Amino acid sequence: MAEFNSKDTAAFKGVWVFCEQREGVIMSISYQLLSEGRKLANDLGVELCGVVLGSNVKEEYIKALGGYGADKVYYCDHELLKDYTTDGYTKVICDLVEANKPEIVLIGATNIGRDLGPRCAARLHTGLTADCTHLDVDVAKYKEFLKTTSTIDVDNTAFEENTNLKMTRPAFGGHLMATIICPRFRPQMSTVRPGVMATQPFDEAGAAKTVVEKVPVTLSKEDIHVEILEIKKAAKKLVDLIGADVVVSVGRGISKDPEKGIALAQDLANALGGVVGSSRACVDAGWIDASHQVGQTGKTVHPRIYVALGISGAIQHKAGMQDSECIIAVNKNADAPIFEVASYGIVGDLYKVAPMLTEAVKALKA
Ligand code: FAD
């Protein structure tokens, strides 16, 4: 095998996506990252590869990755890869990267990805940008992105023309967006939070064309310093905010009677067929579980309808919901920043407005 040198940037080619599986089922973040990776691979004119580690993962699940853009899937099948271990997964991914030298590696910022990404980056002597919200390789596309998301005078600013991955993420508590590059080392690694990138529609023809390469895995029990005895799932039912079509979120505006405020939001969510979300203020106050939190340190959602009840619209909250198709904000302060991103704004008391909305929805359905 050719010697691996992360500084030899010219030797690296191709875009890879780590496709996480749990209990043999591919996580939806993989489809989001493949869809985004497809655009990057097209801009670079290179192959997009998915990488699956597991044991006896169904072939149909692996082939399906082609339906989201993968030209090829590396499948590493080994009984020690059935469940995630830091040691086992890091070794196999790093061996694969060293042998094939991809220029970009994308990993979901799930609990597993947040553990795996930095380990691999350190072992490969390269950089990693965590929690990215935007990725570009093409300078023209990056300029377009800046025009719509920043106050930079893009047309009168000099940009270096290159194909370095421009990895954008919130910085300084979400008060500004930082674009980070990794120009001297390869692969360029990035984690992306679930729900941030859109999934392209499934393409049957793409799935049929995907090439699956079963990679021989060199891994023994001695490589892994922990032994998984049992996996216990959290007993509480977590709310599926990311997959929800409708999210009705509560903010500190419910402070007068949090229990009633949440019940009103739940009624409206039930009427609309949605789930209840929250700002961080309510989570910090202990009114609602953290799994409901929307925003920079919560979940990123793209529902068809997002209702914000008594939420001011802080930048960290908007970061998690501003791409919703239709935003309805209820706030008693007409100057609340949430109205800047709202499709419909209602200035009023949420304890009065929310029940009226619920009744109106029920009446429409009747
Ligand atoms: P407030 O800002 O206090 O707003 C309450 C709103 O309710 C006000 O606009 C008020 O006019 C309105 N109101 C009051 N009573 C009523 C009523 N009866 N009827 C109607 N309206 C009423 N926040 C998040 O949400 N998610 C995050 O992920 C997140 N991450 C963060 C990360 C960092 C690093 C930092 C520094 C902060 C983060 N925050 C996050 C916190 C964020 O900055 C705000 O503090 C938070 O979003 C405020 O929540 P809020 O809008 O519910 O409360």
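Which residue forms a salt bridge with Lys147, and how far apart are the closest N and O atoms?

Mentor: This is a predicted model, in which local features need pLDDT of at least 70 and side-chain atom pairs count only at pLDDT 80 or more, while totals for chains, interfaces and linings use all residues. Residues are numbered from 1 along each chain as its sequence is written, and side-chain values use heavy atoms, with hydrogens and water left out.

The partner of Lys147 is Asp155, and the closest N and O atoms of this salt bridge are 3.3 Å apart; the term stands for a side-chain nitrogen of Lys or Arg within 4 Å of a carboxyl oxygen of Asp or Glu. Asp155 counts as exposed at 61% relative accessibility, whereas Lys147, at 41%, counts as partly exposed (buried means under 20% relative accessible area, exposed over 50%, and partly exposed in between, with a 1.4 Å probe and protein chains only). Salt bridges that share partners join Lys147 and Asp155 with Glu144 into one network.

By the same rule, the count comes to 15 salt bridges. One of them pairs Lys141 with Asp43, with 2.7 Å between the closest N and O atoms. Lys141 lies in helix α5 (residues 139–149) and Asp43 in helix α1 (residues 28–44), so this pair ties together parts that are 98 residues apart in sequence; helices here are DSSP runs of H or I with at least four residues, numbered from the N terminus. Lys141 counts as partly exposed at 41% relative accessibility, and Asp43 counts as partly exposed at 28%.

Technical notes
Helices (H or I, at least four residues) and strands (E, at least two) are DSSP runs, numbered from the N terminus.
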